[in-house]
Amino acid sequence: MDIRFGTDGWRAVISDTFTFANVRLVAQAIADVVCQQYPDVAPVRMVVGFDTRFLSDRYAREVACVLAANGIQVDLTHADTPTPVISHAIVLHRAQGGVMITASHNPPRYNGIKFKAAYGGSASPADCKRVEARLLQNEQEGRKPLILDFDEAHAQGLIRRFDPRPAYRDHLATLVDFETIGRGGLRVVVDAMYGAGRGYLAEFLRDAGAEVVELRGEMNPGFNGIHPEPIERYLQPLAEALSGGDWHLGLATDGDADRIGAMAPDGRFIDPHVIMSLSLRYLIEQRQQRGMVVKTVSTTQMLNRLAARYGLELRETPVGFNHISDLMMNHDVLIGGEESGGISIKGHIPEGDGVLMGMLLAEILAAHGGDCQALLNDLVQEVGAFYYARNDFQLRTINGQPPFTKSEMVQRLMQSPPATLAGMPVARVLSNDGVKYMLQDDSWLLIRPSGTEPVLRMYAEARSAIMVTSLLQAGETLVPPPGKLNGSH
């Protein structure tokens, strides 16, 4: 058995490694770890939720039955639910943790388990290691998972079903000005991408007074064959819908709605870098808030420029929202986020939230008169033009494992860093998560393996689209053997 937790839980291919038997093993290990962490709490309480993927609801019931057999009080959602809504429920219910059945933005053949801590964010890397160690110990001792019949556990009150939507909506109203959205008279297209955000963002925008059309909001466990990731290449239906009417904004959430993407009415993709930058500027200038700015190593330098302009401290972390969560819990963080679209703000749980950020972006646009192009132009005038792209390469696996570890790749790349990239001098080289080459004009190239799938990612940001392409091409020449690739997209 080889079950490993990546940057945000365990993910695997359904019916290959992600099986009911393995899900029960992981649930038992989580139960062991949580009960050991809270020996004086009786009963330990955990929240369990699930997304729209194939069998997610059934996997969630199995997890609930294992937790209940271990004496844990389980609050199980009655329907598919966004991850950030589960995280909010953990805090609201004063639970000791939670489990979310989801593979987030990964392809339809995957499913996964996100292990959440009492603060609502992802469990720490140390706690995930404890779960892995417990899995191994239970296997070595021949210990089988405990499990109760669902109906029996429900009758005993160990499992209760609940609807987390009303409480989450009330909390959202403390972070977003629904009245400002309503006064803006916005017309918004929302693309749920068949994920667990279906009904949430669209419904809340309607509550605020916006006119909304929701795309891909029906139940489709295979996501109609798409990756449920709100990036430009997967949002053609959103672009087509925007072109067919008089709309102000397009919004999209991923498979479990902890990520956000957006589109201007002309079909221009508004990536999370821009969403974070617009949000930071709005929180400071309109709400008069202050605090630390936190971003991952793969996130835009626009935030650095804004933080410097406003005199705010900025921290850069490895990829993975758990690193942002640590800082949000221990410092006065105004906004934290990553290039993939996981973003959170002061007053919220330390967890990326696509529903929240979609609502906040609608508020920002409404406050700016509903003119998306003018809003984007204002940002460019303030921080300059930045262009960004990411290429993903499927790694050839050997016995199911990538051809090199992250540490091996970093070591090889750091041995002889180039003096120039795409004709520009390299100012410095960073290695806190993969290898990042910083150029003198704030352009950069990052090479790092994914923490959740056998994929090598290359990211680049520059002052022109041509330079972004040049940096990505240069990155392909740097990848050390045997790490060559099964194509890019």
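Predicted model: local features only at pLDDT ≥ 70, side-chain atom pairs only at ≥ 80, totals over all residues.

Author: Begin with the terms: helices (H or I, at least four residues) and strands (E, at least two) are DSSP runs, numbered from the N terminus. By that count the chain has 16 helices and 22 strands. Residues are numbered from 1 along each chain as its sequence is written.

Reader: What share of the residues is buried?

Author: Buried means under 20% relative accessible area, exposed over 50%, and partly exposed in between (1.4 Å probe, protein chains only). Of the 489 residues in the chain, 59% are buried. Helix α3 (residues 83-92) is a local case: eight of its 10 residues are buried, so the helix is largely enclosed by the rest of the structure. Among them are Pro84, Val85 and His88. Just after α3, Arg94 has a positive phi of about 55°.

Reader: Which residues of strand β9 are buried on each face?

Author: In a regular strand the side chains alternate between the two faces of the sheet. In β9, Leu249, Leu251 and Thr253 are buried on one side, and Gly250 and Ala252 on the other.

Reader: Which strands pair with β9?

Author: Strands of a sheet pair through backbone hydrogen bonds, either parallel or antiparallel. Here two strands count as paired if DSSP finds at least two bridges between them. Strand β7 (residues 187-191) pairs with β9 in the parallel sense over four bridges, and Val190 stands opposite Leu251. Strand β10 (residues 260-263) pairs with β9 in the antiparallel sense, also over four bridges, with Ala252 opposite Gly261. β9 and β10 form a hairpin with six residues between them, and Ala257 in the turn has a positive phi of about 60°.

Reader: What is the order of the strands in the open sheet of four?

Author: The order is β13-β12-β14-β15, with mixed pairing. β13 (314-317) and β15 (343-345) are at the edges with a single partner strand each, so one side of each has no neighbour in the sheet. Strand β12 (residues 292-296) pairs with β13 in the parallel sense over four bridges, and Thr296 has Thr317 as its bridge partner in β13. Helix α10 (residues 272-285) packs on this sheet and touches β12, β14 (333-337) and β15, where contact means heavy atoms within 4.5 Å.

Reader: How many disulfides are there?

Author: A disulfide is a covalent bond between the sulfur atoms of two cysteines. The test is a pair of cysteine sulfur atoms within 2.5 Å, and a search of the whole structure finds zero. For Cys65, the closest cysteine sulfur is in Cys35, 16 Å away and too far for a bond. Cys128 is in no disulfide either, with the nearest cysteine sulfur, that of Cys35, 17 Å away. Cys65 is buried at 3% relative accessibility, and Cys128 is buried at 9%.

Terms used: Heavy atoms only, no water. Axes fitted to C-alpha atoms, helices over the stretch in contact; angles between N-to-C directions.
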